[in-house]
Each structure stands twice: as C-alpha cells, then as structure tokens.
Amino acid sequence: LMRLQEEAEEYQRKIMAEQERVAKCEEELDLQGELLEEYDLSRRRANFRAGDPRDHRALRALENDLSKAVARLAEANDHNRMLRSRIDHYRKEKESFDVVYRKLKRDLHRKKRALAKSRASVEEHASEADSLQAEL
C-alpha cells in the first residue's frame, strides 16, 4: 500500500512537472506568435512604403474607416455601460419594491386573519344575543 502511495505521489509530481513544461511551451508559443505578427506587419509596411501611391490612398481610406469604426465602438461601449448602470439601478429598485410587497402581503394576511376572528366573535355575540332575546 505504501509503495502504491509513493508511486502515486511520484506520478503526481511528474504530472505537475509536465504541466509546468506545457505552460512554458504555450507561453513561448504565444511570444513567438506575437513576434512573428510584428515581423510580418513591419515587412508589410516596408513593402507598402516602397509601393504604389494608389495603395497609400487606399491605406488612408482604410485607416479613416478604422478610426470611424473605433469611434462608433467607443460610443457603443459608453451606451452599454450606461444601460448596465440603469439595469443595476432598476434591479436594486425592484429588490426594494419586492421587500415592501412582501411586507404588505404579510400585513394584509395578518389583518385578514384578525378580521375573520372579529367576524367570528361578532357572529358568536349575535347568536348569544338572539338566544337571550328568545329567552325573554
């Protein structure tokens, strides 16, 4: 049993070491991917600068479109943020209304029970009064 437990611990250590190696490899892969993208982008820019002026106009137009899209995205994000804050406000408001509703519902139930008891008492007294009236 001890030997199996030691083997299990050793396998556990090996698994942890392998997971660390995999994590390091993934980090290195991400870093190399970023470096490759930067290199590719700089190469494209260098090729573009040496290219046709019509490409420059097309690039300026695309950059213009991109800046407009970024502005629209920022506006949409601001709008979404405002909507989220309003939703949070409404949720808090709803919660407070729910608390008040539950309290009113409990009070109404208590008053209904008290009214029913009062009615029963009145009916009991009325029947006693009728029986006394009948005796007279």
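Q: Is lysine 92 buried or exposed?
A: Lysine 92 counts as exposed, because its relative accessibility is 63% and the cut-off for exposed is over 50%. Keep in mind that this is a predicted model.

Q: Which helix is lysine 92 in?
A: Lysine 92 sits in helix α2, which covers residues 53–135.

Q: And how far is lysine 92 from arginine 113, C-alpha to C-alpha?
A: The separation is 32 Å, with the two residues 21 apart along the chain.

Q: What about glutamate 27, where is that?
A: Glutamate 27 belongs to helix α1, residues 2–49. Glutamate 27 is exposed too, at a relative accessible area of 56%.

Q: Which residues gather with Glu27 in a patch on the surface?
A: Glu26, Glu28, Asp30, Glu34, Glu37 and Glu38 gather with Glu27, and the patch is one of negative charge.

Q: Charge overall, then: how many positive and negative?
A: The protein chain has 30 positive and 30 negative charges, and their mean positions are 6 Å apart.

Q: Switching to the fold. How many helices and strands?
A: Two helices and zero strands. The radius of gyration is 40 Å, well over the 14 Å from the globule rule for 136 residues, so the protein chain is more spread out than a compact globule.

Q: What does the C-alpha trace span along its principal axes?
A: About 125 × 70 × 15 Å.

Q: How much of the chain counts as buried?
A: Of the 136 residues, 0%.

Note on methods: Residues numbered from 1 in each chain as written. Predicted model: local features only at pLDDT ≥ 70, side-chain atom pairs only at ≥ 80, totals over all residues. Heavy atoms only, no water. Helix = DSSP H or I, 4+ residues; strand = E, 2+ residues; numbered from the N terminus. Rg over C-alpha atoms; globule rule 2.2 N^0.38 Å. Buried < 20%, exposed > 50% of the residue type's maximum accessible area, 1.4 Å probe, protein only. Lys, Arg positive; Asp, Glu negative; His and termini not counted. Charge placed at Lys NZ, Arg CZ, Asp CG, Glu CD. Patch = residues over 30% accessible without salt bridge, like charges linked within 9 Å, V, L, I, M, F, W, Y side chains within 5 Å. Areas by Shrake-Rupley, 256 points an atom, 1.4 Å probe, with all protein chains shown as cover. Salt bridge = Lys/Arg side-chain N within 4 Å of Asp/Glu carboxyl O.
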